[in-house]
Amino acid sequence: MMERNRYFETIENLLKRLENSQRESIHQAAAFIADAIMAGGILQSFGSGHSYAAAIEVAGRAGGLFAAKVIKDPAMGIYEVLEGSGSILMRKVEVLPEDVVIIISNSGRNPLPIEIAMKVKAVGAKLIVVTSLDASKKLTSRHSSGKRLYEFADVILDNLSVEGDAAVAVDGLPVNICGTSSIAAAALLQATILEAVELMLKRGYTPPVRLSANVDGGTERSLEIEKQYKQRIYHL
């Protein structure tokens, strides 16, 4: 009998832990998203480097909310350790008080996401942070404020990833392999979107959900909903 792939076992255990430990945080994050969209705001997400994979999980995809956009890092993480990089980027990004912003950073120590968080809080928008809380608490900030990303959050979604992210030990290697943060973040955020949609429906509000363009009628439906949000979701 073929030995079971250990990565699947690792992820299954992680997903169970996420479901049990992050339930209340998901509820709170979902409420922030529902409140924002019902107030005329949008959901914005940011992730630098590999965290970008989680940022695009909630924007521009089938089954997600139309009122959502990604704050794009043009350098894809090259300058995330450079103080001032986030402040410069946010000069061109519109965040309104009625918005809700998700920032994903496993370590939460680098200036780029920290400075984006500072802008979000200065504006008065709600901030959801996806991070590895235990790992981040052990790290020193690379920003002159001395703070890590989670310290700015209105709610934290803890991805429960180990320090350094790589979670599987392999005989013959001095380091672990196979990160878990991307899958954990995707699961947490999709669970949050589900609860936000359900909450909006309970309140009598029809959430702007995107239908796939590969489903008949999807493009036409999206173009109609797009009229309401295009000035925000396509604005840098």
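Visitor: Which residue forms a salt bridge with Arg61?
Guide: In this predicted model, the partner of Arg61 is Glu57, and their closest N and O atoms are 3.0 Å apart.

Visitor: Is Glu57 buried or exposed?
Guide: Glu57 counts as buried, because its relative accessibility is 16% and the cut-off for buried is under 20%. Arg61 is partly exposed, with a relative accessible area of 37%.

Visitor: How many salt bridges are there by this rule?
Guide: The count comes to 6.

Visitor: OK, what does Asp154 pair with?
Guide: The side chain of Asp154 meets that of Lys121 in a salt bridge, at 2.7 Å from N to O.

Visitor: What about Glu151, which side chain does it meet?
Guide: Glu151 meets Arg148 in a salt bridge, with an N to O distance of 3.3 Å. Arg148 counts as buried, at 15% relative accessibility.

Visitor: Why would such side chains pair in the first place?
Guide: Side chains of opposite charge can pair when their charged atoms come close.

Visitor: Which residues are linked in a network?
Guide: Glu94, Asp99 and Arg232 are linked in a network of salt bridges.

Visitor: Which lining residues are closest to its centre?
Guide: Those are Ser48, His50, Ser51, Ser105 and Asn106, out of 18 residues that line the largest pocket.

Visitor: How does that lining split by class?
Guide: The lining of the largest pocket has 11 polar residues, 5 nonpolar ones and 2 charged ones.

Visitor: Which helix gives the most to the lining?
Guide: Helix α7, residues 181-202, gives the most to the lining of the largest pocket, with 3 residues.

Visitor: And how does anyone find where empty space is left?
Guide: Rolling a probe the size of a water molecule over the atoms shows it.

Notes
Residues numbered from 1 in each chain as written. Predicted model: local features only at pLDDT ≥ 70, side-chain atom pairs only at ≥ 80, totals over all residues. Heavy atoms only, no water. 1 Å grid on protein atoms, 1.4 Å probe; cavity = no way out; pocket = protein on both sides within 12 Å on 5 of 7 lines; lining within 4 Å. Helix = DSSP H or I, 4+ residues; strand = E, 2+ residues; numbered from the N terminus. Nonpolar A, V, L, I, M, F, W, Y, C, P; charged D, E, K, R; others polar. Salt bridge = Lys/Arg side-chain N within 4 Å of Asp/Glu carboxyl O. Buried < 20%, exposed > 50% of the residue type's maximum accessible area, 1.4 Å probe, protein only.
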